[in-house]
Amino acid sequence: MYFISDPNHIIVSGHALAATAVGKTSFFILSNVIGSLEDIEIAIDAPTGDSVPAQVTEVSKGTFKVEFCPSVAGEHQIYVSFGSEPVPGSPFPCKVYNVAAIQVRECKKGIVGKPVTFLVETSQAGPGNLEVTGKLRPTNYCRKCILGCLLKLIAFTCLNFSEQRSSTY
């Protein structure tokens, strides 16, 4: 006798369902599956409308791993179906980001005790939160810079900080 899972009992989990990086092979897990690999349908749509290939492998009885590697930043939609029926929560929105696309512009040399202002462009980096930290050189001491957001536009954030000692950042 062959049983098929009720899609409502399948558990879909993993960090890559919410966010992942461009060019990084990511995965999520399907568990509590009664059925075979052929019953699982995965479709991942990039914001460009292109499909992102996904590979499904059986990890153990009832557990499957889905791997994918997005190539563009932006919100992707992950559709998970079993026996042609969507599982609860599908489609899952996945924020794909590209940290290499973040650019710092208009950063001039600073003077100790005076604010330094610089522009951070994130228009091609995809959705997500930007955290800016500073690293003092030549030591390896790391700390967060005290930042003040002066101006926030659609693709640019203007930041400033004031340092109390001379160093390279």
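Student: In which sense do strand 4 and strand 8 pair, and over how many bridges?
Tutor: This is a predicted model, in which local features need pLDDT of at least 70, side-chain atom pairs count only at pLDDT 80 or more, and totals for chains, interfaces and linings use all residues. Residues are numbered from 1 along each chain as its sequence is written, and side-chain values use heavy atoms, with hydrogens and water left out. Strands are DSSP runs of E with at least two residues, numbered from the N terminus, and two of them pair if DSSP finds at least two bridges between them. For strand 4 (residues 40-45) and strand 8 (residues 74-82), the pairing is antiparallel, over 6 bridges.

Student: Which residue of strand 5 is the bridge partner of Asp 45?
Tutor: Asp 45 stands opposite Gln 77 in strand 8. Strand 4 also pairs with strand 5 (residues 51-52) in the antiparallel sense, over 2 bridges. In strand 5, the partner of Asp 45 is Ser 51.

Student: Which residue takes a positive phi in the hairpin of strand 4 and strand 5?
Tutor: This hairpin has 5 residues between its strands. The positive phi, near 95°, belongs to Gly 49.

Student: Why is one side of strand 1 and of strand 6 left without a neighbour in the sheet?
Tutor: The open sheet has 4 strands in the order 1-3-7-6, with antiparallel pairing. Strand 1 (11-13) and strand 6 (54-60) therefore each have a single partner strand, because they stand at the edges.

Student: Which residue of strand 7 is the bridge partner of Ser 60?
Tutor: Strand 6 and strand 7 (residues 63-68) pair in the antiparallel sense over 6 bridges. In strand 7, Ser 60 has as its bridge partner Thr 63.
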